[in-house]
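Please prepare a short briefing on the fold and the nonpolar packing of the model shown here.

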Amino acid sequence: MEPIPKPLLRRLILTFLVGTGCFFTGLVFFLHEGDTSFFILSILLSAGSAVKAILLGLQIKRKTYFVLEGTCTDVRLRLFRNSHDIVLTEQDGTEHLLRIGKDYNIRSGISYRLYFKTSDSIPSGQNPLLTKAALTDNLLGVEEIK
């Protein structure tokens, strides 16, 4: 069996841990304060997180994610925003304009592997803004290629 890529494994574990944390926080408040409504909300939140983790796990197991590899050729900082635009150039010369959150430390001149949910929703040969929006919404993780 092939190992799970680190960014996808990290996302899977964090999704599971968020749900678990919500459940135990609600349980503590229920036992300490008797707050039933908060406990019910925490159960719903943890159930939603568990469903999301299961769906992501199935997607990883079935390898139904899309991988985009290339070198970052340009990073455009966006003032007063929580994201920045990058230009990722594949080896065949194809360029992709992506909007990446500032929590990913992307630098120009370094090769990256980006994981996306599906390749079906990525339009090819169309408006670059539509392509950027589709890629941004489906981003699962970023990995630096060494």
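The points below cover the sheet, the helix and the nonpolar cores.

This is a predicted model, in which local features need pLDDT of at least 70 and side-chain atom pairs count only at pLDDT 80 or more, while totals for chains, interfaces and linings use all residues. Residues are numbered from 1 along each chain as its sequence is written, and side-chain values use heavy atoms, with hydrogens and water left out.

**Sheet**
- An open sheet is built from five strands in the order β3-β2-β1-β4-β5, with antiparallel pairing; strands are DSSP runs of E with at least two residues, numbered from the N terminus, and two of them pair if DSSP finds at least two bridges between them.
- At the edges lie β3 (95–101) and β5 (139–144), each of which pairs on one side only.
- From one strand to the next the twist averages 40 degrees, where axes are lines fitted to C-alpha atoms, for helices over the stretch in contact, and angles run from 0 to 180 degrees between N-to-C directions.
- Strands β1 (residues 66–77) and β4 (residues 111–116) run antiparallel and are joined by six bridges, and Val67 has Tyr115 in β4 as its bridge partner.

**Helix**
- Helix α1 (residues 6–33), a DSSP run of H or I with at least four residues, lies across β4 and β5 and runs at about 135 degrees to β5; contact means heavy atoms within 4.5 Å.

**Nonpolar cores**
- The largest nonpolar core has 13 residues, of which Leu98, Ile100, Ile106, Tyr112 and Leu114 touch the most other members; such a core is a set of buried Ala, Val, Leu, Ile, Met, Phe, Trp, Tyr and Cys residues joined through side-chain atoms within 4.5 Å, buried meaning under 20% relative accessible area with a 1.4 Å probe and protein chains only.
- Strands β1, β2 (83–89), β3, β4 and β5 each supply at least two residues of this core, and the largest share, three residues, comes from β4.
- A second, separate core of six residues includes Leu8, Leu56, Ile60 and Tyr115.

How values were computed: Buried < 20%, exposed > 50% of the residue type's maximum accessible area, 1.4 Å probe, protein only.
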